[in-house]
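Colleague: I am new to this structure and would like to know how its descriptions are reached. Could we go through them together?

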Amino acid sequence: MPPSAAEALVRARGLALGYGGATVVEGLDLEVRAGEEWFVIGPNGSGKTTLLRAVLGLLAPRRGELWLHPDVANRAHVGYVPQRSDWNPALPTTVREFVSLGHVGTDTPRPERPERLRWALERVGLGGSERVDFRALSGGQRQRALVARALVRRPRLLILDEPTEELDVTSEASLLDTLEELVRSEGTALLFVTHELELAFRRASHVALFAAGRMTAGTREEVLGGDALERAFGARVRLGGHT
Amino acid sequence: MIASFLDSWSLFGTTYLVGLLAAAALAQVGVWVVARNQIFLGAAVAQASTLGVAVALSAAPLAGGAALAWLGSPVLPLVFAVLASVATAWIVGRPRSAQSESAEALNGWVFLASSSVPVLLLAHSPHGLEEIQRLMFSTLLTASPLDLALFAVLAAAGAALTAAASGALLLFSVDPESASAFGLNTARWRALAALWLGLAVGLAIRSAGTLFAFGCLVLPPLAAKGLCREVRRMAWVAPALGAAAALAGFFLGHRFDVPPAHATVALLAGGVALSWLRRR
């Protein structure tokens, strides 16, 4: 059952994150709710992936509060899509086997898994490709398979780490349409890391903008509409045909 | 010809069964070594086991008269072989930062150190040096009922683990980052993988030597890659190939009076070459 649109899944208050002795980013305040499309943007090394690692429970906060909904904290209903699939090309696998890896760490009963697999493949436009050799897929199709691998978990929160980095324009648009449809129909929340500002401008409902060790978070209009971008990047930024 | 081989089971049955079970148990864990693309980890771990045996053989006389009794016992070298291989699998299999030495460099270092140090340790001990040479040469003549029991348990445990957790094993092997993101405790899985690999290789070294252990670890999975469309199927086909090759190796050894370990590995190497040709 889709969660209530108002339900909070992630809440950060005064959060500071870092590695070893170094703080990468601090003063993080944001609240991610079901059905929201958060685009996490900023220059390389600004802390975007650090935030993802914290939400995935792989990095403990240095200061502040990070509250996770129980479904997110136990990660059984969290989907994760890395930048690319690093599958060893000499290792045989089918789309079915690859996507089924998304069941790892969930309590989905085995009899339900084939149906869940078919549903996920249909959602990403790979229906009927269960027996296809994964290595024969194009880059765009592999990225869709990665999304399907996340979807079999029926995620309440879907975390994507620069998933469109290596896609052509058509594949990128198609993947983003799939994600939007998922948000609409399932109430899934997205945390989408990218450094393509245009993408956030066109697709986000909310934006978390990282720069200079800080983060500005809010609705797309709040974050991209004022001078926050200029302050973050230290230069005038042109988005959507406007400066 | 076959009747003569069957007749030999009354004399060598335990050794044959140990060879079959060892080949299957090694191939079971070898599938995940191959999936991680860490072929030479197998060579390093096998050679490190030899170092463990050498340390046990050289340390026993130093410990005094009571310990001398252990020298003739298979238990102390077995324990040291397993400890050395588990430790090597754990250390070399650890995730490394971008600045660290590569896995290949570590594997090469372990292999070379473990090849040279045992000979130096036992250079003045005729019995010990002979034992090390036997391990490096690989023979399959000394299996005991204890070996049979150990490999039966190991193969059964490997089959149970494969049946219960092949998805987690595969994800941990090929994509540890996503495995962590999906909630797997990758540190525990790494420890389990090191223990499994170390036990299989450490136990096999005493019975069959480094060539047989390394060969049965990586060659059956490499051959199975050409026969299977999914890794999960490889996890069952590779042990069957390993056991079948060991049986054929014993047959060739009996029929032509050649070393069965070498015959097994040569057959497997031929099988891998055929599977590569089939894929072209």
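**Strands, helices and a contact**

Modeller: Strand E1 (residues 8-19) of chain A pairs with E4(A) in the antiparallel sense, over five bridges. This is a predicted model, in which local features need pLDDT of at least 70 and side-chain atom pairs count only at pLDDT 80 or more, while totals for chains, interfaces and linings use all residues. Residues are numbered from 1 along each chain as its sequence is written, and chains are lettered from A and ligands numbered from 1 in the order in which they are written.

Colleague: What makes E1 and E4 of chain A a pair?

Modeller: Two strands pair if DSSP finds at least two bridges between them, and five bridges are found here, so E1(A) and E4(A) count as paired. As one example, A:Arg13 has A:Glu65 in E4(A) as its bridge partner. Strands are DSSP runs (E, at least two residues), as helices are (H or I, at least four residues), and both are numbered from the N terminus.

Colleague: Why are strand E2 (22-33) and strand E4 (63-68) of chain A said to stand at the edges?

Modeller: The open, antiparallel sheet has three strands in the order E2-E1-E4 (chain A). E2 and E4 of chain A each have a single partner strand, so one side of each is left without a neighbour in the sheet. From one strand to the next, the twist averages 20°, with axes being lines fitted to C-alpha atoms, for helices over the stretch in contact, and angles running from 0 to 180 degrees between N-to-C directions.

Colleague: How is the pairing described in the sheet that holds E3 of chain A?

Modeller: The pairing is mixed in this open sheet of six strands, ordered E5-E6-E7-E3-E8-E9 (chain A). Strand E5 (78-81) and strand E9 (214-219) of chain A stand at its edges, because each has a single partner strand.

Colleague: Which strands does H1(A) lie across, besides E3 and E8 of chain A?

Modeller: H1(A) also lies across strand E6 (157-161) and strand E7 (189-193) of chain A, running at about 145° to E7(A).

Colleague: How many residues does each chain give to the contact?

Modeller: Chain B and chain A give 22 residues each, where two residues are in contact if their C-beta atoms, placed from the backbone, lie within 7 Å. The elements that give two or more residues to the side of chain B are helix H8 (145-174), helix H9 (176-181) and helix H11 (231-256) of chain B.
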